[in-house]
Amino acid sequence: MKVLIATEKPFAAVAVDGMRKVIEEAGAELVLLEKYTSKQELLDAVATAEALIIRSDKVDAEVLAAAPALKVVVRAGAGYDNVDLEAATARGVCVQNTPGQNSNAVAELVFGLAVMMSRNMFNGTSGTELKDKTLGIQAFGQVGRNVARIARGFEMNVSALDPYCPDNVMEDAGVAPVHSVEELYRLNKVVSIHIPATPETRKSIGYDLIAAMPKGGLLINTARKEVIDEEGLIRALDERADLKYAADVAPERAVEIKERFGDRVFFTPKKMGAQTSEANINAGIAAARQVISFLTTGEERFRVNK
Ligand code: 3PG
């Protein structure tokens, strides 16, 4: 059994050690492809792999076609918009993710960004505090719930929108449910986005929502750049000098937006939300275990291509 770990943005070495242990103890062989710079390297590496562990690495129809022995792809992380599920299903490849394993890391980064933006990028001018401010969480999944937990420590007033989550689950977490996206943006000074990139959510956050935020509004995106309508974002930032935008998923037009809006916007140079050794260990080892369970027993609890 050959298990390929292919990560353009590698896991921490300690996570790879743990993954190696899980894979080798099961009698499988680990092949490591890290920091690759061309798709060809991935195409060559998958040629003999039976299992593939990835992060945001793109697994499209071409990659799947180059991997005739492939049985399972595990995305060590939550979002699997980087995998062509249809092509995988057509080839009989099981695709899985590791939900929840890196969510605390992403949630902590939300507050790193929130404090930095509220303190004007630490430029010496007087900023604002998070205490008593309103926070709206867009999607109350694993990351959203961790954001709510941390927000309690900041004494923020938290509400959330999630059509898939019953109100009582939010209420039990001390979070007020809201039932429309318009309401979420209109009512909250800070909004944190945690929706996946799907055909329905792509470009779903644009001018109307962003421009409706209260005075001094701060929008934080640690989810996916695709959910933002960049044209609308630019227009809202242009018309409302009090609005700010911070993202761990830099927009396509990041350079232009940064030049135009300066310290009112911030983008991490690389997606950093899940880049902690704890998250790498949790997600990486979960992925290795899921691969071994699938190959040895057919277990597919975390399958996402039903
Ligand atoms: C996820 O979907 O799990 C996060 O966006 C983290 O992605 P990464 O593994 O590419 O950092």
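Which residues surround the ligand? The ligand is surrounded by K9, R55, S56, R75, G77, A78, G79, N102, R224, K271 and A274, where a residue counts if one of its heavy atoms lies within 4 Å of the ligand. The views below show a predicted model, in which local features need pLDDT of at least 70, side-chain atom pairs count only at pLDDT 80 or more, and totals for chains, interfaces and linings use all residues. Residues are numbered from 1 along each chain as its sequence is written, and side-chain values use heavy atoms, with hydrogens and water left out.

View 1. An oxygen atom of the ligand is 2.6 Å from a polar backbone atom of A78. A polar contact is a pair of N or O atoms within 3.5 Å. Taken alone, the ligand exposes 320 Å², of which the protein buries 94% (Shrake-Rupley method, 1.4 Å probe).

**View 2. The five-strand sheet.** Five strands form an open sheet with parallel pairing, in the order β2-β1-β3-β4-β5. Strands are DSSP runs of E of at least two residues, numbered from the N terminus, and two strands pair if DSSP finds at least two bridges between them. The edge strands, β2 (29-34) and β5 (94-97), each pair on one side only. Neighbouring strands are turned by 15° against each other on average, direction ignored; axes are lines fitted to C-alpha atoms, and angles run from 0 to 180 degrees between N-to-C directions.

**View 3. Pairing of β4 with β5.** Four bridges link β4 (residues 72-75) to β5 in the parallel sense. The bridge partner of V72 in β5 is C94.

**View 4. The seven-strand sheet.** A further open sheet consists of seven strands in parallel pairing, ordered β8-β7-β6-β9-β10-β11-β12. Its edge strands are β8 (176-178) and β12 (265-267), each pairing on one side only. The twist averages 20° from one strand to the next.

**View 5. Pairing of β6 with β9.** Strands β6 (residues 134-138) and β9 (residues 190-193) run parallel and are joined by four bridges. Q138 stands opposite I193 in β9.

Notes: Polar contact = N/O pair within 3.5 Å; in protein donor to acceptor, adjacent residues only side chain to side chain.
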